[in-house]
Amino acid sequence: MTTGGRRLTPSEREEIISCAATGESLTAIGARYGVTRQAIRAVLRRNGVPPRRTGTLTDNQRNEVLHRFLGGASLNQIAAEFGVTAPAVRGLLTRRGIEIRSVSHGLRHDAFDNFDPETCYWIGFLFADGCVSYRPGHIPQISVGLAARDREHLVALRSFLGCDNSISATSPTHGSCQFSVRSHRLADRIVELGRYQQAVDGRLVGSRDFWRGVVDGDGSLGIYRRPAPSTRSLTQFRVVGRRHVLEEFVAFLEREGIVGLSVRPHRSIFTVGTTCGPAERIARLLYEDAVMALARKAEIAARMIARQRGAA
């Protein structure tokens with residue numbers, strides 16, 4: 001999609017859908033990506049995301065909003081349930097004289113300050129699947145959405161961050177669950193480590209845990225049957241993302257003795273992929289004895305590692 005010469009990449013469009021699902025305004029999203037509100041609305045429409053309701057809530061709905069918030073539901077969760085924006089919910093609560101919870105209970109604002117294995121993993125995961133949002137007058141937000149089958153991974157992320165924020169119910173439109181936190185320190189940290197810039201922090205690029213997080217967020221591992229008449233199968237590895245991140249990944253693999261891979265354009269994003277022996281070596285490098293991993297990808301990686309050992 002092109003707006004005023006600005007073409008959104010597929011990964012940016014996915015980030016836009018994720019940000020919109022958290023209740024962020026279309027105007028704010030458009031400003032961050034350098035496109036108009038109408039362009040953001042078009043992205044959502046083409047991906048089957050219904051428009052937000054602009055009409056007023058009934059008196060019963062307003063009372064239910066108050067009840068849900070006082071019961072512990074977040075602004076974003078309430079907004080999703082009632083088909084309105086989070087700012088609209090905030091405005092209703094403010095007019096009713098209710099104090100807005102601005103800080104998540106127990107949230108570890110220093111969670112990304114060190115580089116231990118689990119921290120590096122979650123930073124990598126948010127590099128791939130997370131969205132950092134800044135809006136004037138609001139605390140920055142980090143949001144992430146996963147398919148319903150991976151909901152427990154959001155539970156693990158919430159546990160790591162030490163907060164009690166709710167995880168949304170599965171969206172009937174795109175089948176994903178949403179989780180978000182607000183923190184100046186956490187958002188700034190993700191950005192300064194290289195999430196959107198042209199250089200990834202050097203303390204991350206040598207961490208297999210960081211790269212496993214990236215792959216869990218935007219990669220795939222698989223064992224596939226070869227075309228007939230062959231009865232054998234082959235293993236495959238692939239990851240997509242921003243070019244500067246994938247170039248660091250290829251350099252990391254080369255330092256670990258896995259050579260011959262390159263960053264290739266794929267439509268408007270970039271990809272690194274391989275099959276058979278190299279794919280199995282990557283799986284072993286990233287997933288063997290891992291401190292944290294997405295369960296379904298860890299299970300596939302374990303099968304790939306077993307194949308490599310069997311062939312040795």
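F127, F210, W211, F237, F249 and F252 form one aromatic cluster. This is a predicted model, in which local features need pLDDT of at least 70 and side-chain atom pairs count only at pLDDT 80 or more, while totals for chains, interfaces and linings use all residues. Residues are numbered from 1 along each chain as its sequence is written, and side-chain values use heavy atoms, with hydrogens and water left out.

Let's begin with the rings. The structure holds eleven aromatic pairs; here rings of Phe, Tyr and Trp (its six-membered ring) pair if their centres lie within 6.5 Å, and planes under 30 degrees apart count as stacked, over 60 as edge-to-face and the rest as tilted. One of these pairs is F127 with F210, which is edge-to-face, at 5.3 Å centre to centre and 85° between the planes. Because F127 belongs to helix α7 and F210 to helix α11, this pair ties together parts that are 83 residues apart in sequence. Helices (H or I, at least four residues) and strands (E, at least two) are DSSP runs, numbered from the N terminus. F127 is buried, with a relative accessible area of 6%, and F210 is buried too, at 0%. Buried means under 20% relative accessible area, with exposed over 50% and partly exposed in between (1.4 Å probe, protein chains only).

F237 and F249 make a tilted pair, because their ring centres are 6.0 Å apart and their planes are at 40°. F237 sits in strand β7 (residues 233-241) and F249 in helix α12 (residues 243-255), twelve residues apart. F237 counts as buried at 1% relative accessibility, and F249 likewise at 1%.

Helix α7 (residues 117-129) has 13 residues and reaches 18 Å from its first C-alpha to its last, close to the 18 Å expected at 1.5 Å a residue; the expected span is 1.5 Å times one less than the number of residues. Eleven of the 13 residues of α7 are buried, so this helix is largely enclosed by the rest of the structure. Among the buried residues are Y121, W122, F125 and F127. What covers them includes β3 (130-133), β4 (141-147), α8 (151-161) and α11 (208-218).

Note on methods. Contact = heavy atoms within 4.5 Å.
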